[in-house]
Amino acid sequence: CALPICNLASISLKHFIEKYNFNTNDKFTVMTNKKYLDQIKQLVPFSNVIEWGYLECSHKLRTTEFTILFHSNDLEGSQKSNNKMLACLSNGNIPFLSNTTAYRETAELLGLNDLIIDKLTDYNLKLSDSFFNSVRIKMKSSHYTDYMDSLSPSSVANKLYDTIFDKYKF
């Protein structure tokens with residue numbers, strides 16, 4: 001069984017837990033912003049609740065099959081970047097994504113439109129070996145790997161160097 005990592009507003013998390021009847025035997029991790037830690041620990045005391053952070057989450061992302069990154073469609077949700085999505089993908093983790101602008105644009109660019117879900121519970125419709133295998137095949141394409149490589153620290157540093165070098169003609 002996969003261990004979903006959810007970054008959800010507590011109301012969505014409460015609905016998610018009630019919908020799937022999670023109990024103390026179920027194992028999942030909730031990664032969230034620091035301001036929600038105590039609230040979510042009270043809501044789901046049997047889960048592992050940790051603060052979102054790239055250093056802390058890398059191991060979790062590599063050891064789980066999928067992640068749910070679901071944000072509300074309000075102003076705050078629409079301004080979310082694709083950073084968490086890219087963190088998941090770079091760790092070999094398949095993210096199910098809310099239909100925010102940054103997630104949708106990145107998913108379309110990478111040919112991973114199937115990862116976009118309109119409702120929190122829609123991810124459950126895609127939990128199958130064939131779905132995961134089809135996503136993994138796309139993640140091995142040269143288009144995908146070229147894009148992910150372009151985001152590496154050395155690639156970004158080289159682009160920055162080239163931009164400065166071209167601008168100031170060193």
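Analyst: Apart from its neighbours within four places in sequence, Asn93 is in contact with Leu61, Thr64, Glu65, Phe66, Thr67, Cys88 and Met139, where contact means heavy atoms within 4.5 Å. The model is a predicted one, in which local features need pLDDT of at least 70 and side-chain atom pairs count only at pLDDT 80 or more, while totals for chains, interfaces and linings use all residues. Residues are numbered from 1 along each chain as its sequence is written, and side-chain values use heavy atoms, with hydrogens and water left out.

Asn93 lies in the loop between H5 and S5; helices (H or I, at least four residues) and strands (E, at least two) are DSSP runs, numbered from the N terminus. Because its relative accessibility is 0%, Asn93 counts as buried. Here buried means under 20% relative accessible area, exposed over 50%, and partly exposed in between, with a 1.4 Å probe and protein chains only.

Helix H6 spans residues 101-110, and its buried residues are Ala102, Tyr103, Thr106, Ala107 and Leu110. Viewed along the axis of H6, these residues fall within an arc of 125°, so they line one face of the helix; the arc is that of the directions from the helix axis to the C-beta atoms. As a general point, an α-helix has 3.6 residues a turn, so residues three or four places apart point the same way. Just after H6, Gly111 adopts a positive phi of about 70°.

The packing of H6 can be followed helix by helix. H5 and H6 have axes 9 Å apart and pack at an angle of about 40°. Axes are lines fitted to C-alpha atoms, for helices over the stretch in contact, and angles run from 0 to 180 degrees between N-to-C directions. Lys84, Met85, Leu86 and Leu89 of H5 meet Tyr103, Thr106, Ala107 and Leu110 of H6. By class, this contact has six nonpolar residues, one polar and one charged; Ala, Val, Leu, Ile, Met, Phe, Trp, Tyr, Cys and Pro count as nonpolar, Asp, Glu, Lys and Arg as charged, and the others, Gly among them, as polar.

With H8 the arrangement is as follows: the axes of H6 and H8 come within 9 Å and cross at roughly 130°. H6 is therefore oblique to H8, given that angles under 35 degrees count as roughly parallel, over 145 as roughly antiparallel, 65 to 115 as roughly perpendicular and the rest as oblique. Thr106, Leu109 and Leu110 from H6 make this contact with His143, Tyr144 and Tyr147 from H8. Its residues comprise four nonpolar, two polar and no charged.

On H8 itself, Tyr144, Tyr147 and Met148 are buried. Their arc around the axis is only 95°, which puts them on the same side of H8. Exposed Ser142 and Asp146 sit on the face turned away from that buried side. The cover over the buried residues of H8 includes H5, H6 and H7.

The whole structure contains three aromatic pairs. Rings of Phe, Tyr and Trp (its six-membered ring) pair if their centres lie within 6.5 Å; planes under 30 degrees apart count as stacked, over 60 as edge-to-face and the rest as tilted. One of the pairs is that of Phe96 and Phe132, which is edge-to-face at 6.4 Å centre to centre and 70° between the planes. Phe96 belongs to strand S5 and Phe132 to helix H7 (residues 129-139), 36 residues apart, and the pair thus links distant parts of the chain. Both Phe96 and Phe132 are buried. The rings of Phe131 and Phe132 are also edge-to-face, because their centres are 6.0 Å apart and their planes stand at 65°. Phe131 counts as buried at 10% relative accessibility, and Phe132 is buried with a relative accessible area of 4%. Ring pairs join Phe96, Phe131 and Phe132 into a cluster.
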